[in-house]
Each structure stands twice: as structure tokens, then as C-alpha cells.
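Please read these points with the structure open beside you.

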Amino acid sequence: MVISAVRSVAAGKGTLDDALTRRVIAELVDRRRTAPVRAGRATDLLTARELEILLLLAEGMSNDEIARTLTLEVTTVKSHLARMLPKLGVRSRLQAAVWAYQNRIVELPEEP
């Protein structure tokens, strides 16, 4: 078994069985297709920091601006976003911002 795994890696292949690899990829794709969750559940799922980042994101801030505002590294902001998006059932920063408005996490300003 070990010898076949070494030969497989030497040949540029992975050590996982092809069927298992396909199954893992299919599972990841299915998770990306989840429908957005509603506000009540999502706010329970998000950490306080993720919620802060969501609010700043909804204001239109970039990762750099969010990092400066919260005194974080940009990579930390990106890590929080990467964990937050699947929790909300969205795939992008834009979808997260739209989600925040649709679920009244952020309200549109009143027109004068």
C-alpha cells in the first residue's frame, strides 16, 4: 500500500482513490449551492467580528478599509470573510452585502 502510494505521488497523481476524490469535490460543490439563510439564523451563526465585518462590507468598504477601521491585518479580514460567506449561503462579497440589506441587518438610509 505504501509503495503504491509513493509510486502514485512520483507519477504526479494524488494518494486518494479517484472515487473518493470525486466524492469530496462533489460535496464541496454541493455546499456552494446552498440557499442563503435568513437573518435570525445567520446572526446566530456569525461571530461578533464577522458581523462587524459584514456591516462594514455593506457600507462598501474594501478589505483594506475594513482592516484599517478594525485595526486588523488584511489577511485576517479575508479569513473572516472566507468563513462568513458559507455561513450566509453566499459566494461573494457583493452577495453578502446584498444579503445584509435584504435581511435588514443593515437598513437603507431614509430619503429626505
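1. Start with how helix packing is described here. Axes are lines fitted to C-alpha atoms, for helices over the stretch in contact, and angles run from 0 to 180 degrees between N-to-C directions. Helices are DSSP runs (H or I, at least four residues), numbered from the N terminus. This is a predicted model: local features need pLDDT of at least 70, side-chain atom pairs count only at pLDDT 80 or more, and totals for chains, interfaces and linings use all residues. Residues are numbered from 1 along each chain as its sequence is written, and side-chain values use heavy atoms, without hydrogens and water.

2. Look at α4 and α7. Their axes lie 9 Å apart, at an angle of about 95°. That makes α4 roughly perpendicular to α7 (the term covers 65 to 115 degrees). From α4, Leu54, Leu57 and Ala58 take part; from α7, Arg93, Ala96, Ala97, Trp99, Ala100 and Tyr101. Contact means heavy atoms within 4.5 Å. The residues of this contact divide into eight nonpolar, no polar and one charged.

3. Next, the largest nonpolar core. A nonpolar core is a set of buried Ala, Val, Leu, Ile, Met, Phe, Trp, Tyr and Cys residues joined through side-chain atoms within 4.5 Å. Buried means under 20% relative accessible area, exposed over 50%, and partly exposed in between (1.4 Å probe, protein chains only). This core has 20 residues; Ile53, Leu54, Ile66, Met84, Leu88 and Ala96 touch the most other members. At least two residues come from each of α4 (48-58), α5 (63-70), α6 (74-88) and α7 (93-102).

4. Leaving aside neighbours within four places in sequence, Met84 contacts Leu46, Glu50, Ile53 and Leu54. His80 lies in helix α6 and is buried, at 13% relative accessibility. With the neighbours within four places again left aside, His80 contacts Arg49, Glu50 and Ile53.

5. How many salt bridges are there? The count is two, where a salt bridge is a side-chain nitrogen of Lys or Arg within 4 Å of a carboxyl oxygen of Asp or Glu. Arg49 pairs with Glu52 at 3.0 Å, N to O. They sit three residues apart in helix α4, about one helical turn. Both are partly exposed: Arg49 at 27%, Glu52 at 34%.

6. The other pair is Glu50 with Lys87, whose closest N and O atoms are 2.9 Å apart. Glu50 is in helix α4 and Lys87 in helix α6, so the bridge ties together parts 37 residues apart in sequence. Glu50 is buried at 1% relative accessibility, whereas Lys87 is partly exposed at 26%.

Terms used. Parallel < 35°, antiparallel > 145°, perpendicular 65-115°, else oblique. Nonpolar A, V, L, I, M, F, W, Y, C, P; charged D, E, K, R; others polar.
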